[in-house]
Amino acid sequence: MRILMIQPNYHSGGAEIAGNWPPSWVPYVGGALKTAGFNEVRFVDAMTTINKSRFMALCRELIDRNLGVHWGINTRVTDVLRDEKELPLYRKAGLVHVSLGTEAAAQLNLNLFRKETTIADNKRAVELLRQNGILAEVQFIMGLPNETPETIEETYRMARDWQADMANWNMYTPWPDPALAHLLPAAVTAG
């Protein structure tokens, strides 16, 4: 299986992918990529489903063209919950893999990351994806100063309870001037 990963250039606004759907991307996905032997396209862009009408237009375009292309996205739990009734359409359009930015299985950390979700919301999003035949991947961020061996174990137990198809564990890495910089020791932020 060959999977092409497409990620926007966030330095220029990050709208290259989502901002150009569906007119410019669908022919490219259906033509050149398939000819080159790619079986799946992954859009690594957390903004993919923010504009619901544009995302629905992409799905309809893929269905209308009947390209037989499988594709995956990164998205937000809130968007999966919002789009519960549209998930069958998304699957019909070829969506087979969703990576959810769940980030944490502890409500304290969800609040810290300003995810606007609950533990129950995260679990429900995974259930909805799986019920619609879409592979559910969850992403977790580890390494926050407030974590203990017990909270890490609890996160692991919850990840198993959610029954996601995949779990992705990442270390907390702050970007320049992040909203969470106050969590870092002064020696780290001073450079």
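The axes of α6 and α7 come within 9 Å and cross at roughly 35°. Helices (H or I, at least four residues) and strands (E, at least two) are DSSP runs, numbered from the N terminus.

A word on what you're looking at: this is a predicted model, where local features need pLDDT of at least 70 and side-chain atom pairs count only at pLDDT 80 or more, while totals for chains, interfaces and linings use all residues. Residues are numbered from 1 along each chain as its sequence is written, and side-chain values use heavy atoms, with hydrogens and water left out.

Back to the helix pair. From α6, Ile119, Asn122, Lys123 and Val126 meet Met158, Asp161 and Trp162 of α7, contact being heavy atoms within 4.5 Å. Sorted by type, the residues of this contact are four nonpolar, one polar and two charged. For that sorting, Ala, Val, Leu, Ile, Met, Phe, Trp, Tyr, Cys and Pro count as nonpolar, Asp, Glu, Lys and Arg as charged, and the others, Gly among them, as polar.

Arg157 is partly exposed at 44% relative accessibility, as is Glu153 at 38%; partly exposed sits between buried (under 20% relative accessible area) and exposed (over 50%), using a 1.4 Å probe and protein chains only.

Now hop over to Arg130, which forms a salt bridge with Asp165, closest N and O atoms 3.6 Å apart. Arg130 lies in helix α6 and Asp165 in the loop between α7 (149-162) and β6 (166-171), so this pair ties together parts that are 35 residues apart in sequence. Arg130 counts as partly exposed at 41%, and Asp165 does too at 36%. The whole structure has 11 salt bridges.

A polar atom of the Asn132 side chain lies 2.8 Å from the backbone oxygen of Leu128. Leaving aside its neighbours within four places in sequence, Asn132 is in contact with Leu87, Pro88 and Arg91.

Finally, the rings. The structure holds four aromatic pairs, meaning rings of Phe, Tyr and Trp (its six-membered ring) with centres within 6.5 Å; planes under 30 degrees apart count as stacked, over 60 as edge-to-face and the rest as tilted. One of them joins Phe55 and Tyr90 edge-to-face, 4.8 Å centre to centre and 85° between the planes. Phe55 lies in helix α2 (residues 52-65) and Tyr90 in helix α4 (residues 87-92), so the pair ties together parts that are 35 residues apart in sequence. Phe55 is buried at 1% relative accessible area, and Tyr90 is buried at 2%. Ring pairs link Phe55, Trp71 and Tyr90 into a cluster.

Notes: A polar contact is a pair of N or O atoms within 3.5 Å; within protein, one must be able to donate a hydrogen and the other to accept it, and residues adjacent in sequence count only if both atoms are side-chain atoms. A salt bridge is a side-chain nitrogen of Lys or Arg within 4 Å of a carboxyl oxygen of Asp or Glu. Axes are lines fitted to C-alpha atoms, for helices over the stretch in contact, and angles run from 0 to 180 degrees between N-to-C directions.
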